[in-house]
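Please find below my note on the model under review. The points are numbered so that each may be answered separately.

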Amino acid sequence: MNWLTGVILALFFGLLIYAESDLPDSRAVTAPARARVVDLYIERSYPDTRTPNIVTSVLADYRGYDTLGETVVILTAGLAVSLILPRNSRRG
Amino acid sequence: MMRFAMNYYDLMTAALLVIGLYGMVGKRNLLKKVIGMNIFQTAIFLFFIQGGTKPGATVPVWDPRIASEAAGYINPLPHVLILTAIVVSVATTGVALALLITIYRRYGSLEEATILERMRKSS
Amino acid sequence: MRGRLHNPIVEGVSSFLVPFIQIFALYVITHGHYGPGGGFQGGVILAASMMLLRLTLGEEYEHRTFSPKLAGIVAAVGILIYAFAGLVPLAWGGNFLDYAHLPIPGLSSAELRYHGILIVETGVGMVVWGTLVTLFDHLIGSEP
């Protein structure tokens, strides 16, 4: 590891530590990471969908459109690999 | 001045990020760069998930003793995002490995310097 | 390149374990409503069982158990299931991916959304299963 890599890594680590002091305390009740929509998801998940698992109901029902796009991303990766590396159909 | 009383979750995340970045930037073997990318992604997953906890709350599965009280469950949104991100990272690693196999068959090596030298010689 | 491992312990144990792994994968997919699990996790476990068969029984068995062409078909059918679960409510008066307007008779709106989530998770499980088996086949099975 030459000195340029070491300098880059040290700068990166220093930047992360400096930025960490600016993060809001996400465990507090008034953090911006706890948007109001999350409380609505938790409160309305069981009456709306009769699904005890809130993560599944958010993934497949409230945010189902994002899951559809992400499934297409997985299919695209499989398609890309099958085009980059074709299987040889010879058995010899 | 910066606070030095940081909680250790953020320190561990920063350490893993630096290790992943070292793998991607400081190593010259292409496969080690892919591994560094995976370590970087894992650090991001851990950081997201630990940022969604609440004191005294339980997993986001409906519990009839807590019913609809939103303060009794942890934040389910980071879990949803990271579920997606994990499978996307598997797919990305698959495509990266396919490209590495193609490069190895074309140039015969996975070291950066050797590949660049053979590319210059063949062009 | 990958022959059959003529080792009776490895072949016997893996052939014995694969049905249990697949039943566990179906359990994980269908019990995603009640605990951790769902489509992604169950699809990965199903793909792992196929990879175990390919590693221990060799190439000549893979066309009998789960051929690479079938993996591509399964992935395509899975995404079509998801898309139709989104398009059918459009014809019955709802929005796109609005499971409350699925045409299943005799269920309340909340139970229709429950079944809509189950259909969608099955589709996602099939896509992940087919894609991971395709990734494995093309990474291992392509000859120089």
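1. Basis of the note. This is a predicted model, in which local features need pLDDT of at least 70, side-chain atom pairs count only at pLDDT 80 or more, and totals for chains, interfaces and linings use all residues. Residues are numbered from 1 along each chain as its sequence is written, while chains are lettered from A and ligands numbered from 1 in the order in which they are written.

2. Confidence. The model has an ipTM of 0.86 and a pTM of 0.88. For chain C the average pLDDT is 88, and 98% of its residues score at least 70; pLDDT is the predictor's confidence in each residue, from 0 to 100. Where pLDDT is low, the predicted coordinates should not be read in detail.

3. Fold of chain B. Chain B contains four helices and zero strands, in the order α-α-α-α along the sequence. Helices (H or I, at least four residues) and strands (E, at least two) are DSSP runs, numbered from the N terminus. Chain B is more spread out than a compact globule, because its radius of gyration of 21 Å is well over the 14 Å that the globule rule gives for 123 residues. That radius is taken over C-alpha atoms, and the rule is 2.2 Å times the number of residues to the power 0.38. Along the principal axes, the C-alpha atoms of chain B fill a box of roughly 70 × 40 × 15 Å.

4. Burial in chain B. Of its 123 residues, 17% count as buried. A residue is buried if 20 or more other C-beta atoms lie within 10 Å of its own, exposed if 12 or fewer, and partly exposed in between, with C-beta atoms placed from the backbone. B:Thr53, in the loop between helix H2 (30-50) and helix H3 (77-107) of chain B, counts as partly exposed because it has 14 C-beta neighbours inside 10 Å. The C-alpha atoms of B:Thr53 and B:Val34 are separated by 30 Å, and these residues are 19 apart along the chain.

5. Chain A against chain B. Here 36 residues of chain A are in contact with 38 residues of chain B, contact meaning that the C-beta atoms of two residues, placed from the backbone, lie within 7 Å. On the side of chain A that touches chain B, the largest share, nine residues, comes from H1(A).

6. Chain A against chain C. In this interface 28 residues of chain A are in contact with 31 residues of chain C. Helices H2 (36-49), H3 (54-62) and H4 (64-84) of chain A each supply at least two residues of the side of chain A that touches chain C. The largest share of that side, 12 residues, comes from H4(A).

7. Nonpolar cores. A nonpolar core is a set of buried Ala, Val, Leu, Ile, Met, Phe, Trp, Tyr and Cys residues joined through C-beta atoms within 7 Å. The largest has 53 residues, and those with the most contacts inside it are A:Val58, C:Val127, C:Val128, C:Trp129 and C:Val133. Its largest share, 13 residues, comes from H5(C). Leaving aside residues up to four places away in sequence, C:Trp129 touches C:Gly43, C:Leu46, C:Ala47 and C:Val74. Another core, of five residues, lies apart from the largest one and includes B:Ala14, B:Leu17, B:Tyr22 and B:Ala43.
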